[in-house]
Amino acid sequence: MIGKQMKGKGFRGVLNYVLDPRKGHLIGGTMDGKSARELAQEFAETRRLNPTLKKPVYHVSLSLSPGERLEDFEWNRVADSYMTEMKFTCSPYVVVRHSDKEHDHIHIVASRIGLDGKTVSDSRNYQRSEKAVRGIEQEFGLQHVAPSRETGRKGITSGELRRALKTEVPSTRMTLQRVIDEEAKHSLTMGDFVKNLERRGVRAIPNMAANGRVTGISYRLDGELMKGSDLGKAYTFAGLQKRGISYDMERDHEQLRRAKGDNVRDSRARNDLAARQIKTEETITGKVKEVYTINGRDHVVIQTGQEAVVVPASSLNKTTAELKKMVGQEVRVRGGLRARIEEAEKRQMER
């Protein structure tokens, strides 16, 4: 079982999400309301007991391993056991079971403010959550899922989880970890591993010295580059070998050299393309050439005549998904902290 915790400011938004009838249904809890509106009103009563707490929302998802299932009454026992371990004995909460994913899971939404007006402590909450989940696995005979520190896998951030829940699209880190885990099971040599990842759309890029010694590895997916250590110890070059993937310099050197060489050419091409950053208050007009990610930061390349200009995506008034859809379109961009990108066709229509 895997438990993911989040804290938030408003109850109505998370209740609208978990109670979406297309995703699942209400199965239990300690509250009277049935709809998001009714439950939000009940939660508001506890919020008034401690109005200074900025994040009164506690939201946790508990997920079973693929192939496992529990009945509604068993899920309610799981929720009660988990909330007791997490010290929410005086706080109202609601349990919703979702069936929109392959794995059976529930969402628990609770108030961090008890009926006594006291705030439930979040001290060491991740350690306590791990303990609660391990106990539930043992009590219900569920498959043991090792914590991230045991598997060598870095856990996703709360921001990644929120975006994944909102968009229903896993983050790059989540996708890379899943694909690498799957291909590592079927790869005997490092050369096979690189080829198998490439078949899945993932570029494995070794950090290779001139003498052929490999000191690290990175992965690229959909334009985003992540180091093995960003995914966890099990995804580093040394970690892959500990998982049983054999590396022989003489045998695998050529395959890894080609992988590194392709990356060098890509980097040079990108450096040639992206000649300079946009200047403050500069206004440019051109086509969106590319949207790419380096070290977790998104950038947009605008091709203007004989040169290309890089604009940090975080400074623009569009999401990364929206910017990717604009590739090939004529746009006008104004630099600065509050930069804007406008489609040329829409600008002309507004005139």
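Mentor: A charge sits over a ring if NZ of Lys or CZ of Arg is within 6 Å of the ring centre and within 35 degrees of the ring normal. Here Arg-243 lies over the face of Tyr-235, at 5.1 Å from the ring centre. This is a predicted model, where local features need pLDDT of at least 70, side-chain atom pairs count only at pLDDT 80 or more, and totals for chains, interfaces and linings use all residues. Residues are numbered from 1 along each chain as its sequence is written, and side-chain values use heavy atoms, leaving out hydrogens and water.

Trainee: How many aromatic pairs does the structure hold?

Mentor: Rings of Phe, Tyr and Trp (its six-membered ring) pair if their centres lie within 6.5 Å; planes under 30 degrees apart count as stacked, over 60 as edge-to-face and the rest as tilted. The structure holds three such pairs. One of them, Phe-11 with Phe-43, is stacked, at 4.3 Å centre to centre and 5 degrees between the planes.

Trainee: Are Phe-11 and Phe-43 buried or exposed?

Mentor: Buried means under 20% relative accessible area, exposed over 50%, partly exposed in between (1.4 Å probe, protein chains only). Both Phe-11 and Phe-43 are buried.

Trainee: Why is the pair of Phe-237 and Tyr-247 edge-to-face?

Mentor: The ring planes of Phe-237 and Tyr-247 stand at 75 degrees, with centres 5.1 Å apart, so the pair counts as edge-to-face. Phe-237 is buried, with a relative accessible area of 5%.
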